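My notes follow in the order in which I took them.

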Amino acid sequence: MRLELAAIDTWFFRDSTPFHMDGSPQTGVASIFPPYPSTVAGAVRAALARRAGWDGHTRWRGGDLATILGDGPVDHGRLRIAGPFLLCNGTPVFPMPRHVVGGGDGATAWVASALLQPGQREVVSDLGAGVRLPDVPRPDASAPALQPSTGRWVTLAGLQRILRGELPHHDEIRCEHDLWATEPRVGIRRSA
């Protein structure tokens with residue numbers, strides 16, 4: 001079964017950092033997107049349980065509900081959830097692997113230019129002896145400096161190219177700001 005979730009209002013996902021009125025300024029608390037898999041799995045399990053008659057407050061125990069949805073954070077029952085996967089126009093996109101580097105000249109978009117690979121030389125570092133740092137390809141002087149792929153996503157076809165040791169095509173790369181927008185919010189109380 002495939003389940004697609006779509007926002008009808010702003011989504012706000014966060015970690016367990018304390019968030020109360022007399023604490024640090026609430027404007028510094030940022031949303032995490034996409035949400036952690038455990039967050040999505042918990043929401044799906046709770047929605048299925050509510051649909052099956054769970055009151056939303058007490059623990060569900062035993063019976064068909066526990067067999068299917070599990071009984072706590074460790075026991076997930078027979079339910080198996082893969083994802084979440086971010087969709088762009090119905091097609092999944094994935095975070096760009098960190099070994100893909102590229103660049104742009106400021107006027108053009110970021111383009112994947114090279115795949116980093118472990119270097120031949122071993123070095124001693126804070127990670128210990130025998131560490132092989134990546135070899136950074138040296139582009140010619142006219143090429144833009146290589147930059148990490150931060151904030152870039154890649155389509156399934158592009159990810160398959162990367163896994164074969166090839167560079168993704170330009171049209172297989174999505175910029176984060178084209179996929180979603182952040183919206184600053186202050187306060188967590190819902191308006192009646």
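I began with an open sheet of 4 strands, ordered β1-β2-β10-β11 and paired in the antiparallel sense. Strands here are DSSP E runs of at least two residues and helices are H or I runs of at least four, both numbered from the N terminus; two strands pair if DSSP finds at least two bridges between them. I found β1 (86–88) and β11 (173–175) at the edges, each with a single partner strand, so one side of each has no neighbour in the sheet. From one strand to the next the twist averages 45°.

This is a predicted model, in which local features need pLDDT of at least 70, side-chain atom pairs count only at pLDDT 80 or more, and totals for chains, interfaces and linings use all residues. Residues are numbered from 1 along each chain as its sequence is written, and side-chain values use heavy atoms, with hydrogens and water left out.

Next I checked β2 (residues 91–95) against β10 (residues 152–155): 3 bridges join them, antiparallel. F94 has V154 of β10 as its bridge partner. Helix α3 packs on this sheet and touches β2 and β10 (contact: heavy atoms within 4.5 Å). The direction of α3 makes about 90° with that of β10 (axes are lines fitted to C-alpha atoms, for helices over the stretch in contact; angles run from 0 to 180 degrees between N-to-C directions).

I then turned to an open sheet of 3 strands, β4-β3-β9, also with antiparallel pairing. Its edge strands are β4 (111–115) and β9 (147–148), each pairing on one side only. I counted 2 bridges between β3 (residues 100–103) and β9, where V101 is partnered with P148.

Last, I looked up pLDDT, the predictor's confidence in each residue from 0 to 100: the protein averages 81, and 82% of the residues score at least 70.
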